[in-house]
Amino acid sequence: MNTPLDRALFPVTQHFNYLNHAAAGILPIPTRDAVVEFTHAHSDTGILGVFPYELRLPEYRAEIARFIGVDSDEIAILRNTGDGANAIAAGLRWESGDEIILGDNEFPSNAYPWLACRDFGVKVRLLETGKQRLTPDVLRAHMTKRTRIVTLSWVSFEDGYRHDLAALAEIAHEYGAWLCVDVMQALGAFPLDARATGIDAVYAGGAKWLMALQGVSFLYLRKPLIEELRVAAPGWRSRENIWDFLKYDQPIVSDATRFEGGTLNIVGALSLAQSMRVLAAAEDRIAKHVLNLTDQLYEGISRLGGRIISDRRRETSSGIVTFTIPHCDPIAMGKTLQKEKIVTTYRSNGIRVSPHGYNTHGEINHLLDVVSQAMPVLAAV
């Protein structure tokens, strides 16, 4: 079948039925080749090979900016998702009694930076997402005049719940709060126009749906927020002229690169920009394809009598489906799938499946067939 992303760009398809992009994405061949070229340049010629890539950092930031619909001077290249959250959490000038709204199901990288703000006298209001998800109505009910930050993941890592960012941004702004979003489990599968959506901050590592290397991330900050934040972790690249090493009193750089600190993961930034080029060529088709695949999985698991943990309503569904099979240990089922070269994430709470734009309906059927055959065996254990 035709897929939005060319399967020939993903050699993993020759060896595995890879359905685990919520854990780690796959480097497409153009990204792999660009990374290999970088390492050869570094190995063969040292600084003569590496420095030209450093000079291309503005190009990489521009690629990231285009991918999410913002300006390149609003982009910082960092190490991981938590770096983005920390730049804001540690950079705001808090007053005792200020409030943060945060769900109790956030991945730790978007929880610990905000929980640490309690040291500044901030009240962190943890929403019980098992009782109610962060819908616009729920957010409005929890907002107060002291709320300064609303933060969430666009898509939940556990069950794939997808939030309505535009509606949440509108409500946050009514109360004068900033909306800060971890997009790691959505961006790459779903397109994002951050400016049109009204989000104030976006951050994500590149190693999942964006299919870049480990250890690289980006941070988008809307221009007014850049000016609102102090630089809590300055480095030699935070100043106006980074090559004037001993002029310690020079002003801070005016754009978002002030938050980059020290020497960057240049090869990681290269991989992120290159993979975004691959994704951008099919960006308008990937989301529909991924939703079709996960709908197929939902229907198939339901026919087998399985329990779908994910919310599969059209407005909240995503590229993540988590399920369990009655009387079957999820870890045992996950190991059974892996023996058949079907790669998923399996934990005690269920099996998480996360296909991308190069996966096929045949691969989903393969998983369903293995689950069906394994059910009586595992139920008897």
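Leaving out residues up to four places away in sequence, Leu 192 touches Phe 67, Ile 68, Gly 69, Trp 154, Leu 165, Val 183, Leu 187, Thr 197, Ile 199, Val 202 and Glu 283. These contacts, like everything else in this report, are read from a predicted model.

Leu 192 belongs to the largest nonpolar core, which has 75 residues, and it is one of the five members that touch the most other members, the others being Leu 5, Ile 68, Val 183 and Phe 218. Helix H10, which spans residues 266-280, gives this core its largest share, namely nine residues. Apart from this core there is a second, separate one of 27 residues, and among its members are Ile 100, Val 122, Tyr 203 and Leu 219.

## Two packed helices, H1 and H2

Two packed helices are described by the angle between their axes and by the distance between those axes. For helix H1 (residues 29-45) and helix H2 (residues 47-55), the angle is about 140° and the axes lie 6 Å apart. An angle over 145 degrees would count as roughly antiparallel, and one from 65 to 115 as roughly perpendicular, so H1 and H2 are described as oblique to each other.

On the H1 side, the contact is made by Glu 37, Phe 38, Ala 41, His 42 and Thr 45, while H2 contributes Ile 47, Leu 48, Gly 49, Val 50 and Tyr 53. Sorted by class, the residues of this contact are six nonpolar, three polar and one charged.

Strands of a sheet pair through backbone hydrogen bonds, and they may do so in a parallel or an antiparallel way. Here, four strands form an open sheet with antiparallel pairing, in the order E9-E10-E13-E12. Strand E9 (307-308) and strand E12 (345-347) are the edge strands, each of them pairing on one side only.

Strand E12 is joined to strand E13 (residues 350-353) by three bridges, and the two run antiparallel. Within this pairing, Tyr 346 has Ile 351 of E13 as its bridge partner. Helix H12, made of residues 330-339, packs on the sheet and touches E12, E13 and strand E10 (321-324), with its direction at about 155° to that of E12.

## Val 370 in helix H13

Val 370 lies in helix H13, which covers residues 361-379. Is Val 370 buried or exposed? Its relative accessibility is 9%, and because a residue under 20% is classed as buried, Val 370 counts as buried.

Beyond its neighbours within four places in sequence, Val 370 is in contact with Thr 336, Leu 337, Glu 340 and Ile 342. Although Glu 340 is 30 residues away from Val 370 along the chain, their C-alpha atoms are separated by 7.8 Å.

Methods
Residues are numbered from 1 along each chain as its sequence is written. This is a predicted model: local features need pLDDT of at least 70, side-chain atom pairs count only at pLDDT 80 or more; totals for chains, interfaces and linings use all residues. Side-chain values use heavy atoms; hydrogens and water are left out. Two strands pair if DSSP finds at least two bridges between them. Contact means heavy atoms within 4.5 Å. Axes are lines fitted to C-alpha atoms, for helices over the stretch in contact, and angles run from 0 to 180 degrees between N-to-C directions. Angles under 35 degrees count as roughly parallel, over 145 as roughly antiparallel, 65 to 115 as roughly perpendicular and the rest as oblique. Ala, Val, Leu, Ile, Met, Phe, Trp, Tyr, Cys and Pro count as nonpolar, Asp, Glu, Lys and Arg as charged, and the others, Gly among them, as polar. A nonpolar core is a set of buried Ala, Val, Leu, Ile, Met, Phe, Trp, Tyr and Cys residues joined through side-chain atoms within 4.5 Å. Buried means under 20% relative accessible area, exposed over 50%, partly exposed in between (1.4 Å probe, protein chains only).
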